[in-house]
Structure formats: structure tokens, C-alpha cells
Amino acid sequence: MAGHVIIGAGLAGAKAAETLREEGYEGPVTLIGEEDLRPYERPPLSKDYLMGKSERAAAFVHEPDWYPANSVDLRLGAAVTAIDLDARTVTLAGGEALPYDKLLLATGSSARGLDVPGGERAKRLRTFGDSDALRAAFAGGGPVVVAGAGWIGLETAAAAREAGREVVVVEQAPGPLHRVLGPELGEVFAALHRRHGVGFRFGVSIAEITATEVRTSEGESLPAAHVIAGVGAAPNVALARAVGLAVNQGVLTDASLRSTSHPDVFAAGDIAEAFHPLYGRRVRVEHWANALHGGPDAARAMLGREVTYDRVPYFFTDQFELGMEFSGDIEGYDEVVFRGPAGDLEFVAFWLRAGKVIAGMNVNVWDVTDQIQDLIRAGRAVDPKALADPEVPLGSL
């Protein structure tokens with residue numbers, strides 16, 4: 001019996017395997033991962049674990065005995081070298097060919113490096129090993145330069161400052177998180193980090209890295225015992241491309257996470273570029289919640305269930321005293337409305353387009369994510385004054 005094969009033993013793959021069993025599938029389930037560690041969640045790597053506030057055990061998706069107890073064949077340290085869509089086989093590096101009935105691609109992303117002289121000196125953050133290396137670097141002392149003021153860049157900058165390191169962030173955009181939050185909310189994060197002693201260089205890039213410093217595109221020399229590449233991640237789509245699946249940035253799928261190229265192949269997590277009914281276009285989301293929910297929905301679709309994966313994109317972060325949750329997509333926004341003063345770091349921000357809420361972020365205000373997402377889904381114009389008034393319940397809008 002061929003069974004179902006999942007390539008990628010991260011959160012999406014592990015939750016897909018779990019869901020196959022919970023939904024009553026009794027056939028073989030094989031979960032293949034290149035790392036030697038069983039599936040784990042990645043957010044702690046740039047947050048609590050990086051700062052020494054949590055242990056590895058807290059990040060694992062399942063206990064070690066869960067896999068044999070649920071008859072999930074977990075193959076760790078295993079690389080897939082080929083997929084034969086006609087024969088329905090997956091070939092491992094050692095030559096073993098595994099047959100499948102349905103195949104799920106959940107291969108995640110790889111942290112991008114810096115393509116500059118000395119770029120190999122820059123540390124990346126994707127695995128437990130990477131996080132351990134950063135912890136050791138921070139403990140060892142010396143100034144830190146971070147390339148990129150995105151989520152990973154800012155979270156590692158915060159962790160480095162918490163460890164007592166001098167930190168400068170170099171970012172090509174005019175401000176932090178410019179693409180995902182825009183200038184209004186980016187400035188909130190810039191101000192937060194500056195209060196904690198983080199320096200910024202905006203509108204410039206790293207031109208060269210030496211053993212002791214970073215040289216910027218503006219000719220400035222920044223002392224650097226350690227350099228972190230926080231410049232995003234590249235979806236691991238080489239296998240999908242090699243077998244001719246439709247790929248843009250990610251593997252193209254319909255709203256059920258089924259590949260548009262082959263009815264027996266599905267994609268979940270970072271590599272899924274899925275049609276999203278709410279937006280009327282394909283969306284690729286790299287965040288934790290997408291893996292958490294996308295893996296199970298892909299598994300249900302593999303079993304022939306009716307699936308429409310239409311969750312509102314969601315992300316969270318913790319930096320210094322700021323904790324926040326973000327929902328939606330700001331593309332095309334024309335107005336930002338604040339509910340509460342941004343300077344107090346206890347507020348909700350809304351991005352509007354033509355009077356409709358398309359995204360929201362709650363900062364140190366909790367238990368409002370569902371209401372924010374309801375506003376996004378409603379797709380109706382709202383009164384900005386009522387939206388900004390803390391006395392007006394969000395649910396009433």
C-alpha cells in the first residue's frame with residue numbers, strides 16, 4: 001500500500017501527519033525531513049529560545065514517541081533527490097524509492113545570505129543550530145550589525161541588545177518593516193528600538209564584511225564582531241520546479257492547497273502560493289500560523305474532504321516591552337487609523353482602503369484578533385471616528 005508521503009518535517013508537515021490520523025486515515029504515512037531533529041516550531045528561535053528564556057523541549061511539535069505510537073514513519077536526516085509524478089514515487093538520497101498515493105510538499109524556506117564580499121561571515125537564523133550559534137555569539141561579546149529591518153532582523157536585534165551587545169541595523173528601505181507595515185507603524189518599531197539603544201542606517205546596504213567591521217554602500221565603517229543576515233527567506237521550491245509543477249514564488253495551488261499542475265500533489269506552509277478567496281488572488285504567507293493551519297487543511301484535502309483555505313494572514317512578535325499581533329495585508333492601503341496613542345505602546349492600528357479595514361495590528365492589547373479579522377472579512381466601509389474610539393466596541397462595527 002503506497003499511502004501518503006509528506007516532504008518537509010517542519011510544523012506544517014507534522015500537523016498534516018497528525019491530522020491524517022485524527023481524520024481516520026489508516027494507511028501508511030511517511031514524514032521526511034532533512035534535519036536530524038524531529039519537527040519543531042521556529043518562532044522561539046528568534047524570541048524566547050534565542051534569549052535563553054525557554055528550552056528546546058518547548059518547541060517540539062510532538063513528543064518522540066508520538067510518531068511510532070501513531071504509525072508515522074518519520075525519516076530524519078533524509079534528503080529527497082527526485083519525484084516521479086507518473087510513477088508516484090519519491091526517491092531519497094540513498095536511492096530508496098517510496099511510493100505514494102498523495103504527496104504533500106511542505107519544504108519550508110531557507111534563510112537568505114548576503115551576496116557581498118565577506119558575506120559568508122554573516123550568521124543566518126533558521127534552525128536550532130543557528131539560534132544556538134547566535135546565543136553563543138551574543139554571550140561572547142562585541143558589537144553586532146544586523147542586515148535587514150524585517151521581523152527576523154528586529155527580533156535578533158532586540159535579543160542582542162537584551163544580551164548587552166551594541167547593535168546597528170542596516171536597511172535598504174526608508175524604515176523598518178516598510179513593506180509589511182508602511183511608514184506609520186514602521187516608525188513605532190524604529191522608536192522602540194532606538195529607546196533601547198539600537199542604531200539604524202536606513203536607505204543603505206552592506207557592501208563588504210571583514211573580520212572586524214561592516215562597510216556600507218555609503219562608505220561608512222561599522223564595528224562588527226558579529227553580522228546577522230536578516231534579509232528574508234527563499235521558499236524551497238527546487239523539487240517542485242524540477243518535476244515541472246507550476247511555480248511562481250511558491251508552488252501554485254487552488255484554494256484547497258492542491259497543486260494546479262497535478263491532482264495528487266499538495267503544498268502547505270511557506271512554499272504554498274494558494275488562491276485566497278478573500279483576496280481573489282494567490283497569496284504566499286511565510287508565518288507560523290500559516291504552517292499551523294495550512295498543514296491540517298492540506299491533509300484534509302488529501303483525504304478528499306471539502307477544503308477552502310481562506311484564513312486571514314496572521315503574525316505575532318515580541319520585542320522588548322512590545323507584544324503584538326497582526327492580521328491581514330496592507331497592500332493598497334490609503335489610510336491608517338489608531339485606536340489609542342501609538343506612543344504609549346498600547347493601541348490598535350487599522351489599515352483602510354476605500355474606507356474598508358484590510359489589516360489590523362493590536363499592540364499590547366489582547367483578545368481582539370478575532371474582532372479585527374471579522375472587520376477584514378466583512379469588507380464593508382466603517383466610520384474612521386468610531387474605529388478610533390476605544391469606547392465603541394469593535395464587534396459593533
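Which side chain meets Glu35 in a salt bridge? Arg42 does, at 3.2 Å, N to O. By salt bridge I mean a side-chain nitrogen of Lys or Arg within 4 Å of a carboxyl oxygen of Asp or Glu.

Before going on, the ground rules. This is a predicted model: local features need pLDDT of at least 70, side-chain atom pairs count only at pLDDT 80 or more, and totals for chains, interfaces and linings use all residues. Residues are numbered from 1 along each chain as its sequence is written, and side-chain values use heavy atoms, with hydrogens and water left out.

Back to that pair. Glu35 is partly exposed, at 26% relative accessibility. Arg42 is partly exposed too, at 27%. The cut-offs: buried is under 20% relative accessible area, exposed is over 50%, partly exposed is in between (1.4 Å probe, protein chains only).

Next, Lys102 and Asp264. Their side chains form a salt bridge at 2.8 Å, N to O. Lys102 sits in strand S7 (residues 102–105), and Asp264 in the loop between strands S17 (251–253) and S18 (265–267), so the pair ties together parts 162 residues apart in sequence. Helices (H or I, at least four residues) and strands (E, at least two) are DSSP runs, numbered from the N terminus. Asp264 is buried, at 6%.

Now Arg305 and Glu23. Their closest N and O atoms are 3.2 Å apart, a salt bridge. These two are 282 residues apart. Arg305 is partly exposed at 36%. Glu23 is partly exposed at 30%.

Shared partners join Glu23, Asp297, Arg300 and Arg305 into one salt-bridge network.

And the total? The count comes to 20 salt bridges.
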